[in-house]
Amino acid sequence: MEISGKNFKILLTREEIDARVEVLAKEIADDARGKNPLFLVNLTGAMFFACDLLKRIDYPCEVYPMKFSSYVDNRSSMEVKEDLFPDIDLEGRNVYVLEDIADTGLTVHSLSAFLKDKGCATCKIAVLLVKPDKLQVPLKIDYYGFEIGDDYVAGYGLDVDFTGRNLKDIYVMTDNL
């Protein structure tokens, strides 16, 4: 498949993603039950993962969008930027962050520190994809979907030049970036 002029092949099918998101949703729902959880969805990449996961939680919870990122032109800038954060009181709250991918880990690491400074009782991180060989910082991820290699991926919320987020599968690039 071609996405934004680059060649990709399927890495994870929609069925594989659905099966893993089902398991993660059950784990998170069981853990968060009775804790008045607040879910923060890191835009834009995590929106598909978050929608599929949150639909499987069978009790009411608060959900807010936010945007922290370190990517510019398909590469990490190594600096995390806060573009959007809701005006909510996090003091004493049980917060669950939903993120699409942890590659360098900088965004998740910075976001975790930011949320702890806001006084969360707990801050748990759920990430669909983790690139363990690329992590630049120590990172505690409470829930993750798949460990993948250091290849560039797109689909299911992940993009190449703002294209391909809508694809139902996750693709891995076969060209060089």
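These are my notebook entries on what I looked up in this predicted model.

**Ground rules**

I number residues from 1 along each chain as its sequence is written, and because the model is predicted I take local features only at pLDDT of at least 70 and side-chain atom pairs only at pLDDT 80 or more, while totals for chains, interfaces and linings use all residues. Side-chain values use heavy atoms, with hydrogens and water left out.

**Entry: strand β3**

Six of the six residues of β3 are buried, so the strand is largely enclosed by the rest of the structure; here buried means under 20% relative accessible area, exposed over 50%, and partly exposed in between, with a 1.4 Å probe and protein chains only. I noted that Pro37, Phe39 and Val41 point one way from β3, whereas Leu38, Leu40 and Asn42 point the other way.

Next I looked up the pairing of β3, where two strands pair if DSSP finds at least two bridges between them. β3 runs parallel to strand β6, residues 94-102, and five bridges link them. Within this pairing Pro37 has Asn94 as its bridge partner, and Val41 stands opposite Leu98.

**Entry: Asn42**

Which residues does Asn42 touch, leaving aside those up to four places away in sequence? I found Met66, Lys67, Phe68, Leu98, Glu99 and Thr107, where contact means heavy atoms within 4.5 Å. Asn42 lies in β3 and is buried, with a relative accessible area of 2%. Its side chain also makes a polar contact of 2.8 Å with the side chain of Glu99; such a contact is a pair of N or O atoms within 3.5 Å, and within protein one must be able to donate a hydrogen and the other to accept it, while residues adjacent in sequence count only if both atoms are side-chain atoms.

I checked the loops on either side of β3. Asn36, in the loop between α1 (14-32) and β3, has phi near 50°, a positive value in a residue other than glycine.

Is Tyr156 buried or exposed? At 1% relative accessibility, Tyr156 counts as buried.

**Entry: Glu62**

Glu62 lies in strand β4, residues 62-72, and at 26% relative accessibility counts as partly exposed. Not counting residues up to four places away in sequence, Glu62 touches Asn36, Pro37, Leu38, Phe39 and Arg93. I also noted that the C-alpha atoms of Glu62 and Ala121, 59 residues apart along the chain, are separated by 16 Å.

**Entry: from β6 to β7**

β6 is mostly covered, as nine of its nine residues are buried. Eight bridges join β6 to β7 in the parallel sense, and in this pairing Tyr96 stands opposite Lys124 in β7.

**Entry: the open sheet**

I then followed an open sheet of four strands, ordered β1-β2-β10-β9, with antiparallel pairing. Its edge strands are β1 (2-3) and β9, each of which pairs on one side only. Strand β2, residues 6-12, is joined to β10 by four bridges, and Phe8 has Met173 in β10 as its bridge partner.

**Entry: the second largest pocket**

Last, I looked up the second largest pocket, for which I record a volume of about 170 Å³. On a 1 Å grid over the protein atoms alone, a cavity is a set of points where a 1.4 Å probe fits but cannot get out, and a pocket is an open set with protein on both sides within 12 Å along at least five of seven lines; lining residues have an atom within 4 Å of a point. Grid points are joined across faces, edges and corners, and a volume is the space filled by probe spheres set on the points.

The lining includes His109, Ser112, Lys116, Cys123, Lys124 and Asp142. Both α3 (106-117) and β7 (122-130) supply at least two residues of this lining.
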